[in-house]
Amino acid sequence: MKLLHRSFSSFPSSPLQTFLTIPQLCSNGRLQEALLDMAVLGPNMLGFHDYDALLNTCVNKRALREGQRVHTHMIKTSYFPPTYLRNRLLIFYGKCDRLADAHKVLDEMPDKNVVSWTAMISRYSQTGHSSEALTLFAEMMRADGKPNHFTFASVLTSCSGLSVGKQVHGLIIKWSYDSHIYVGSSLLDMYAKAGRIEEAREVFECLPERDVVSCTAIITAYAQLGLDEEALQVFQKLLSQGMSPNYVTYASVLTALSGLALLDHGKQVHCHNSLIDMYSKCGNLSYARRLFDNMPETERTSVSWNAMLVGYSKHGLGKEVLELFGLMREGKRVKPDSVTLLAVLSGCSHGKMEDTGLSIFDGMIAGDYGIKPDTEHYGCIVDMLGRAGRIEEAFEFVKRMPSEPTAGVLGSLLGACRLHVSVDIGEAVGRRLIEIEPENAGNYVILSNLYASAGRWEDVNSLRAMMLRSAVTKEPGRSWIQHEQTLHYFHANDRTHPRREEVLAKLKEILMKMKQAGYVPDHSCVLYDVDEEQKERMLLGHSEKLALTFGLIATGDGIPIRVFKNLRICVDCHNFAKIFSKVFEREVSLRDKNRFHQIVGGVCSCGDYW
């Protein structure tokens, strides 16, 4: 393979600078070197700043083994850490889900402060150990600990019973935290979950200032109790005050809107551009378009058009994107902007209309639209060519870019190389990406996928070793699904969900039907050189499959199943979801980190490229 363009040349690392201190090594991302220095230094050679830098790095990376080495070194060298460092140890173990170790650190602390107590209470609360959180809070009160607003907010999350919640509320008033927005939001959420909407509203009204969290909490409370008009009124107020709704806000507003008997209710809210965007993101494009079409033409700004264009684009509806773009330009109704062209190019990419997209891009270069392409537009073309399997053409396009390609552009090309098994170009791009983003686990995973699909297991193992040396950790995959106003979370091979046995039994039943319908597990998604049976078991435990299975159990026949995932969906789970939708005659909406997958009758809106 000929030498790569300068963008992909390997830049030599600077010589090892042995004079760097441990804090400097940590700040430069060289944790393993810092740990080696720690290991060779004897008693009294390391001080507060050394241990602080090491522990902070381990906390940020959730590097369990490395953090345990630091703790062990403290013990072996008879170092007596101050309260601050003991708190860092407690937080470290909590972040790594070693709650017993974290509690042991707390128990052994001679001087506990509010950070010590709150860190442990908060971690218990976040991981669903409500009784442990409340028990520890009671112990803190007996020890004359002084809670702060973080302490109270964490404790309120664990108050499943109204009587306990009221007792905590009394303490909040005693300590004068009842007007704190962070505590107030947690307090009204506690009352709302107990069905005490009047108390929740009273807390909300007494807050000296309100943010999107507190507004969302009261909107959710109203929606869950069927008080739809009240929910929409608060939503209108939130928008009028310039706050930006988040996903939870949108989900609650959707619940309220679905509960209204007439569309006229809340029609002022409907006309808001953000709702067009919301319905698009929630997979309801027909309703988003209905809202768009019902807007007076004089009120349609570029924001309105762009929201609709992006919605179509994200769902792979390239034809609809081009039709709407043509309507937008007709009679020069609204002048396209950079976002408009990005949505159109993306629509051409997802709609497999690469020649049309290239023509539009050439028009941008020629000045037809008065908008010069930026990095995102160039990235769209790379994505477009990659989807079409034109890998070498995409690679040459990247090398001709007027500026250095970003990680996003290279990541798109690497994904195309994985899909079309272009190992040589993929390896070059992947290695360059790792140089640019050494701590991004996704780059290692995709390159590992590419090696695994080509049977290059030595290279897979080499990458895995590189990740370990660099203390790179892959974010755990999780999927969630909403049922009866509750979000149900699933992790890979999840054994924590209260209905886990039912889900696992149903999944085995589903698998048999799926295989009869033609489902064949894609073992290339398993990055371990293990036997085929073990690979299949690993694939079956993916969080998307567990969430889909729960959705089939929990919802009635014909009800669409909507699953969300924090990472990019793997090829096997995507194939599984397609056949699942066909076998069980369910519409499946699967929103992963990259895009929306709208699957109907075994066909996905992404065109099997994402």
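**Notes on helix packing, repeats and the sheet**

1. H3 and H5 are roughly parallel to each other, and this should be read with the caveat that the model is predicted. The call follows from the angle of about 15° at which helix H3 (residues 48-61) and helix H5 (residues 83-95) pack, with their axes 9 Å apart, because angles under 35 degrees count as roughly parallel. The crossing of H3 and H5 is left-handed.

2. On the H3 side of this contact stand Phe48, Tyr51, Asp52, Leu55, Asn56, Cys58 and Val59, and they meet Tyr84, Leu85, Arg88, Leu89, Ile91, Phe92 and Lys95 of H5. Sorted by class, the residues of the contact of H3 with H5 comprise 10 nonpolar, 1 polar and 3 charged.

3. For helix H11 (residues 181-193) and helix H12 (residues 197-206), the axes come within 7 Å and cross at roughly 165°, which makes H11 roughly antiparallel to H12. The crossing in which H11 passes H12 is left-handed. From H11, the residues Gly184, Leu187, Leu188, Tyr191 and Ala192 meet Glu199, Ala200, Val203 and Phe204 of H12, and by class the contact of H11 with H12 holds 7 nonpolar, 1 polar and 1 charged residues.

4. H27 contributes Ala441, Tyr444, Leu447, Ser448, Tyr451 and Ala452 to the contact, while H28 contributes Trp457, Asp459, Val460, Leu463, Met466 and Met467. The class count for the contact of H27 with H28 is 10 nonpolar, 1 polar and 1 charged residues.

5. At which residues does UniProt place the feature "repeat: PPR"? The unreviewed UniProt entry gives residues 113-147, 211-245, 268-298, 301-335 and 374-404. In the model, residues 211-245 are 74% helix and 0% strand, with the end C-alpha atoms of that span 10 Å apart. Residues 374-404 are 71% helix and 0% strand, and there the end C-alpha atoms lie 12 Å apart.

6. The strands deserve a separate comment. The model contains an open sheet of 6 strands, in the order E2-E1-E3-E4-E5-E6, and the pairing within this sheet is mixed. Its edge strands are E2 and strand E6 (603-604), each of which pairs on one side only.

7. Within that sheet, strand E1 (residues 478-483) pairs with strand E2 (residues 486-491) in the antiparallel sense over 6 bridges.

8. What is the bridge partner of Trp480 in E3? The partner of Trp480 is Phe564.

Notes. Residues are numbered from 1 along each chain as its sequence is written. This is a predicted model: local features need pLDDT of at least 70, side-chain atom pairs count only at pLDDT 80 or more; totals for chains, interfaces and linings use all residues. Side-chain values use heavy atoms; hydrogens and water are left out. Two strands pair if DSSP finds at least two bridges between them. Helices (H or I, at least four residues) and strands (E, at least two) are DSSP runs, numbered from the N terminus. Axes are lines fitted to C-alpha atoms, for helices over the stretch in contact, and angles run from 0 to 180 degrees between N-to-C directions. Angles under 35 degrees count as roughly parallel, over 145 as roughly antiparallel, 65 to 115 as roughly perpendicular and the rest as oblique. A crossing is left-handed if the near helix is turned anticlockwise from the far one by less than a right angle, and right-handed if clockwise. Contact means heavy atoms within 4.5 Å. Ala, Val, Leu, Ile, Met, Phe, Trp, Tyr, Cys and Pro count as nonpolar, Asp, Glu, Lys and Arg as charged, and the others, Gly among them, as polar. UniProt positions are given in the numbering used here, feature names are shortened, and annotations may be inferred rather than shown by experiment.
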